[in-house]
Amino acid sequence: MDGTEGNAEQPAERSHRSSVSSVGARAADVLVYLADDTVVPLAVENLPSLSAHELHRAIREVLQLPDSALEAFALWLVSPLLEVQLKPKHQPYKLGRQWPELLLRFTDAPDDDVATDEPSLQFRRNVFFPKRRELQIHDEDVLRLLYEEAKGNVLAARYPCDLEDCEALGALVCRVQLGPYQPGQPTACTLREKLDSFLPAHLCKRGHRLFAALRGRAAKAGTDGQGLLNAYRKVKEVVSSDSEREASLRTHYRAYLLKCHELPFYGCAFFHGEVDKPTQGFLHRGGRKPVTVAINLEGVHVIDSREKHVLLGLRFQELSWDHTSPEEEESVLWLEFDGHSEGTPVNRLLKVYSKQAELMSSLIEYCIELNQAAEPAAPQESLTGPVGGPGSSPPPTQRPQLRRQSSVVCSRIQHLSTIDYVEEGEQIKRVKPKRTTSFFGRQLSMGQGSYTVVQPSESLEQS
């Protein structure tokens, strides 16, 4: 569900090949790609009429996966331009034949790219699979697939992480790939030679600290490998009666996933879009910046595609939304949420320009329906900590203080150009709240912590 025109993310870059290697009158060889780039060949009959559900079953049989894999994974059609999770009833072959039409509808890709782009069939995490159920999985093969996908998203910076979290996750990758830490091996110099195997590339570039300082970022943003080595040294080994290496790896796969569960956008679907930049300078220059919109069962996150940090994070209880279709005007996903202007409560609107606005709006709606239909679960932490799956209890009205105020997962509203609406949609500079109904009717109300419109206040004056 991710259109990444012009700047494709790493997981999609490998998808330049067709998943149908040969087609005969009745049989075909279908290639299905796993998160670790492993290819699973399937010989199937009547491919044009074969459903995603039937292919899913065939993959599970070949890989000998347990029943837990049925809901944990889904089939995706993926290319550098678009990512789409398939429903069980979808027919992958027919959707593959319709791929150019999907690209024209949901991307801004040039005609030449549309003509040459071809999707591959991938076996990936189901965006609708709750994290709380992932914690119940103990099968090593399933955990390994989930680990490989999460690792790929971290290394590609699709999951923005703070440096210390990247080093903690990278240390677990070291443990999986290199075995238990041995004093003196490897050295920081050895790790530095293949640092991008353990940490996101933007943290491994030479001169990163210099450029970060010139651009006003914290010098701590870079790494020389010593922090990774220190974290690797601290990875705990589990003492178990089962001395097999696989049992030990299963523990580290779970530890990696548990750490990723702290990321509020874990398990999300990605979409491409743009937002308005705040005007700067006396010439009031603005423009747009590319963003990635990450949507999962807990909420929506708008991520700066270049800076690798969160611009806005909202739980479904904290927003209302809508989208405008291309027939009406430029395709836009509208997000409305509570905010403040010079200390005064306001209702804010963020415009996300994207030809995938329709897909995003539909996914938000479906996630909310799943949340409402799910059975109640135990209360979970806020956006900055582990978040529950569907049915989690409403959050408190007042959110706890963020763990790290400068964290890449914290919202950066000041980097966004939002619209403050009052008096039935009038845009103003300073606020005199009058509106008592939401600008949009599409929202989730779940008691405390829900999105609320600004109430009238006669004492507040508009300038």
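These legends describe close-up views of a predicted model.

**View 1. Strand E9 is buried along its length.**
Strand E9 covers residues 299-304. Of its 6 residues, 6 are buried, so the strand is largely enclosed by the rest of the structure. In a regular strand the side chains alternate between the two faces of the sheet. In E9, Gly 299, His 301 and Ile 303 point one way. Val 300, Val 302 and Asp 304 point the other way. Both sets are buried.

**View 2. Strand E9 pairs with strand E8.**
Strand E8 spans residues 288-295. E8 and E9 pair in the antiparallel sense, over 5 bridges. Look for Val 293, which stands opposite Val 302 in E9. How many residues does the hairpin use to join E8 to E9? The hairpin joins them through 3 residues.

**View 3. Strand E9 also pairs with strand E10.**
Strand E10 runs over residues 309-315. The pairing of E9 and E10 is antiparallel and has 6 bridges. His 301 has Gly 313 in E10 as its bridge partner. E9 and E10 form a hairpin too, with 4 residues between them. Lys 308 sits in this turn and has a positive phi of about 60 degrees.

**View 4. A salt bridge joins Lys 289 and Asp 304.**
Side chains of opposite charge can pair when their charged atoms come close. Here the side chains of Lys 289 and Asp 304 meet, at 3.5 Å from N to O. This pair links distant parts of the chain: Lys 289 is in strand E8, Asp 304 is in strand E9, and they are 15 residues apart. Are Lys 289 and Asp 304 buried or exposed? Lys 289 is buried, and so is Asp 304.

**View 5. Arg 105 forms a salt bridge with Glu 358.**
The structure holds 15 salt bridges. In the one between Arg 105 and Glu 358, the closest N and O atoms are 2.9 Å apart. This pair also links distant parts of the chain. Arg 105 lies in helix H5 (residues 99-106), and Glu 358 lies in helix H14 (residues 357-373). They are 253 residues apart. Arg 105 has a relative accessibility of 45%, so it counts as partly exposed. Glu 358 has a relative accessible area of 34% and is partly exposed.

**View 6. Glu 134 and Arg 125 form a salt bridge between buried residues.**
The closest N and O atoms of Glu 134 and Arg 125 are 2.8 Å apart. Buried means under 20% relative accessible area. Glu 134 has a relative accessibility of 2%, so it counts as buried. Arg 125 has a relative accessible area of 6%, so it is buried as well.

Helix H2 (residues 52-63) has 12 residues. From its first C-alpha to its last it reaches 16 Å, close to the 16 Å expected at 1.5 Å a residue. Which residues of H2 are buried? They are Ala 52, Leu 55, His 56, Ile 59 and Arg 60. Gln 64 follows H2, and its phi is positive, near 55 degrees.

Key: Residues are numbered from 1 along each chain as its sequence is written. This is a predicted model: local features need pLDDT of at least 70, side-chain atom pairs count only at pLDDT 80 or more; totals for chains, interfaces and linings use all residues. Side-chain values use heavy atoms; hydrogens and water are left out. Buried means under 20% relative accessible area, exposed over 50%, partly exposed in between (1.4 Å probe, protein chains only). Helices (H or I, at least four residues) and strands (E, at least two) are DSSP runs, numbered from the N terminus. Two strands pair if DSSP finds at least two bridges between them. A salt bridge is a side-chain nitrogen of Lys or Arg within 4 Å of a carboxyl oxygen of Asp or Glu. The expected span of a helix is 1.5 Å times one less than its number of residues.
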